Amino acid sequence: MSRSLRRGALAATAVAFSLVSLGACAAGHDAPTLQVKPDNAAVTKGDIKVQNALVITQEKDKKGPAAVSATVFNNGTKEQTLDAITLPGGKGTVTLKPAGSGSKVVIPAGGSVLLGGKGNASAVIAGGDSVMDGNVQKIVFQLSTSGDVALDAFVVPATGIYEGYGPTAVAAAPGATPSGSPSGAPSGTPSGSPSGSPSGSPSGSPSGSASASASASAGH
């Protein structure tokens, strides 16, 4: 091989090596692909894992409380209770309500609890109208054993896939309308009309005609 050809081969090898090195750097710890994270907020502390955490507000143009929706897992061998949820920054007070008749939200050992949705435990935020859709809100879950578990969650309206997991306190209000309207109407109408009419007409008519015919026969 001639000297010029050897120089060209060496140059090509050097360029190829440089490109490989640059590619390796791009795929390092700061590569853009490694910065992609899932949309749902999740955090693990000890035996507790909080996943799919969201703050869900009212539907568009509606006022009222917001709600925290999340799934709390307990990977330990002892049950824990969710004692409180706070929103640092004065974004409202969270009221916890268990799914059953108990007084506390219990996360069983090896089990989980879902906050939000029909038949599940709820975490309603009074003063939640100060939470803005599209923002990121810090939430602190206070567990009986694991302590404070904090994470940042998206704030979304109760529409689309989040419709059934929003605040339920306002949704209970329309139930008062049907209960009042049927109770008064049927009770007065049927009770008065049948009772007066049959009792007066049959009782007076036979007794009067029978007594008149008896007195006529006595006169003969």
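The following legends describe close-up views of a predicted model.

Residue numbers start at 1 in each chain and follow the written sequence. Because the model is predicted, local features require pLDDT of at least 70 and side-chain atom pairs pLDDT 80 or more, whereas totals for chains, interfaces and linings use all residues; side-chain values rest on heavy atoms, without hydrogens and water.

**View 1. Overall architecture of the chain.** The chain contains 2 helices and 10 strands, where helices (H or I, at least four residues) and strands (E, at least two) are DSSP runs numbered from the N terminus. Along the sequence these elements follow the order α-β-β-β-β-β-β-β-β-β-β-α. Of the 220 residues, 25% are buried; buried denotes under 20% relative accessible area, exposed over 50%, and partly exposed the range in between (1.4 Å probe, protein chains only). The accessible surface of the chain amounts to about 13,800 Å², and carbon and sulfur atoms hold 59% of this area. Among contacts (heavy atoms within 4.5 Å) with a separation of 6 or more, 65% join residues 24 or more positions apart.

**View 2. The largest nonpolar core.** This core comprises 28 residues; a nonpolar core is a set of buried Ala, Val, Leu, Ile, Met, Phe, Trp, Tyr and Cys residues joined through side-chain atoms within 4.5 Å. The residues with the most contacts inside the core are Val 50, Val 68, Leu 82, Ile 85, Leu 115, Ile 139 and Phe 141. Two or more residues each are contributed by β2 (48–57), β3 (66–74), β4 (80–86), β6 (105–107), β7 (112–115), β8 (122–126), β9 (136–143) and β10 (147–157). Beyond its neighbours within four places in sequence, Val 50 contacts Ala 41, Ala 42, Val 43, Ala 70, Thr 71, Val 72, Phe 141, Val 149 and Leu 151.

**View 3. Strand β3 and its pairing partners.** Strand β3 is largely enclosed by the rest of the structure, because 8 of its 9 residues are buried. Strands are taken as paired if DSSP finds at least two bridges between them. With β2, strand β3 forms an antiparallel pairing over 7 bridges, and Ile 48 has Asn 74 of β3 as its bridge partner.

View 4. Ser 69 lies in β3 and is buried, at a relative accessible area of 7%. The side chain of Ser 69 comes to 3.1 Å from the backbone oxygen of Leu 115, a polar contact (a pair of N or O atoms within 3.5 Å; within protein, one must be able to donate a hydrogen and the other to accept it, and residues adjacent in sequence count only if both atoms are side-chain atoms). Apart from residues up to four places away in sequence, Ser 69 touches Asn 52, Ala 53, Leu 54, Ile 56, Leu 115 and Tyr 165. Ala 70, also in β3, is buried at 1% relative accessibility. With the same exclusion of residues up to four places away, the residues touched by Ala 70 include Val 50, Gln 51, Val 113, Leu 114 and Phe 141. The C-alpha atoms of Ala 70 and Val 113 are 8.4 Å apart, although 43 residues separate them along the chain.

View 5. Asn 52 belongs to strand β2. Its phi is positive, at about 55 degrees, although the residue is not a glycine. Most residues other than glycine have a negative phi. Asn 52 is partly exposed, with 37% relative accessibility.

View 6. Gln 58 occupies the loop between β2 and β3 and is buried, with 12% relative accessibility. A polar atom of the Gln 58 side chain lies 2.9 Å from the backbone oxygen of Pro 65. The structure holds 1 salt bridge, defined as a side-chain nitrogen of Lys or Arg within 4 Å of a carboxyl oxygen of Asp or Glu. A salt bridge joins the side chains of Lys 62 and Glu 59, at 3.8 Å from N to O. Glu 59 is partly exposed, at 32% relative accessibility.

Technical notes:
Accessible areas come from the Shrake-Rupley method with a 1.4 Å probe; for residues, only the protein chains shown count as cover.
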